[in-house]
Amino acid sequence: MQAKVLVSRAVFPEVIERLSAHFEVDYNDRDAALPADQLAARLVGKTGAITLLSDRIDAAVLAGAPGLKAVCNVAVGYNNFDLAAITQAGVMATNTPGVLNDTTADMAWALLLASARRIVSADQWVRAGQWQGWKFHDGWFGNDVHHATLGILGMGRIGQAVARRAAGFEMRVLYHNRTPLAADQEAACGAAWVSKETLLRAADFLVLLLPYSPAVHHIIGAAELALMKPTAHLINIARGGIVDDNALIEALQQKRIAGAGLDVFENEPALDPRFLALDNVVLTPHIGSSTRATRLAMALLAADNLIAALGGQRPPNLLNPEVFGR
Ligand code: DGY
């Protein structure tokens, strides 16, 4: 008899096809998260699941699904997982690192450039018919990106991809990570380790790329923003909650920093309405990995993780190796 698995939310036909060669697939083909009670109900009797960021997997959900052996997230971030509870339940958990590095790094740069050169506000102004003719003092002075200092907080694979792109802009690249990179990795992305305080003070563009955990909640708050240059821009492409949104709004309102490019928010999608009134912030709806090719690669990788896990192999992106073979 084939194992039964749940795919909790619409992915791609290719993914369902791949899974169906191995499993009986219960597919929620709507691109809407299942409410928690429905998610729990549909996990009953399942051996595995493909989950999305919108699915909370915790002790309560797991208690109703004792046959579950693997939960495979279609995301590199997994703050929707209570990993301790999943491990305690003896369930394998996986994510999708690697395949989204370049796409997400491109998006960090899109936000950085848009914020530096005020692209979104300028576009809105042109569309509103406000442009009366070219001016030298045109009111649209931005900040130079070339030869500026790029600061990266959280220098994992995506941070390194962001850093490598800075070479074309001839920037100085500084980073802060709990553990500095090996010398050859630093050389490959032309980056130097500095303390967090030095990074905050020196960066013209500060890109946040930390995975979310309670330990980094509000790691950028009023005190950190106060250390930044008044000409600096903050780019958050990592997770809401890393930045104290209230403190950031106040800094942007008072022009204590020049601008921000934000793809993620506290309590998204219910972002603080004060963001909407600011013209020095660029807002995007958590689309860092959103190209078709990358989202497909992520979903196929999650499927491969599930196929390996339920086939007795160690899944390539196992987050809790202590569970394997239990
Ligand atoms: C991730 O993979 O963590 C992204 O935020 C989802 O697009």
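Two strands pair if DSSP finds at least two bridges between them. Helices (H or I, at least four residues) and strands (E, at least two) are DSSP runs, numbered from the N terminus. The model is predicted: local features need pLDDT of at least 70, and side-chain atom pairs count only at pLDDT 80 or more, whereas totals for chains, interfaces and linings use all residues. Residues are numbered from 1 along each chain as its sequence is written, and side-chain values use heavy atoms, with hydrogens and water left out.

**Strands and helix**
- Strand β1 (residues 4-7) pairs with strand β2 (residues 24-27) in the parallel sense, over four bridges.
- Opposite K4 stands E24 in β2.

**Ligand surroundings**
- Polar contacts here are pairs of N or O atoms within 3.5 Å.
- A backbone N or O atom of V76 is 2.7 Å from a ligand oxygen atom.
- In the side chain of H286, an N or O atom lies 2.7 Å from an oxygen atom of the ligand.
- For S289, a side-chain N or O atom is 2.7 Å from an oxygen atom of the ligand.

**Salt bridges**
- The structure holds 13 salt bridges, each a side-chain nitrogen of Lys or Arg within 4 Å of a carboxyl oxygen of Asp or Glu.
- R42 forms one with D26, their closest N and O atoms being 2.7 Å apart.
- R42 belongs to helix α2 (residues 36-43) and D26 to strand β2, so the pair ties together parts 16 residues apart in sequence.

Terms used:
A polar contact is a pair of N or O atoms within 3.5 Å; within protein, one must be able to donate a hydrogen and the other to accept it, and residues adjacent in sequence count only if both atoms are side-chain atoms.
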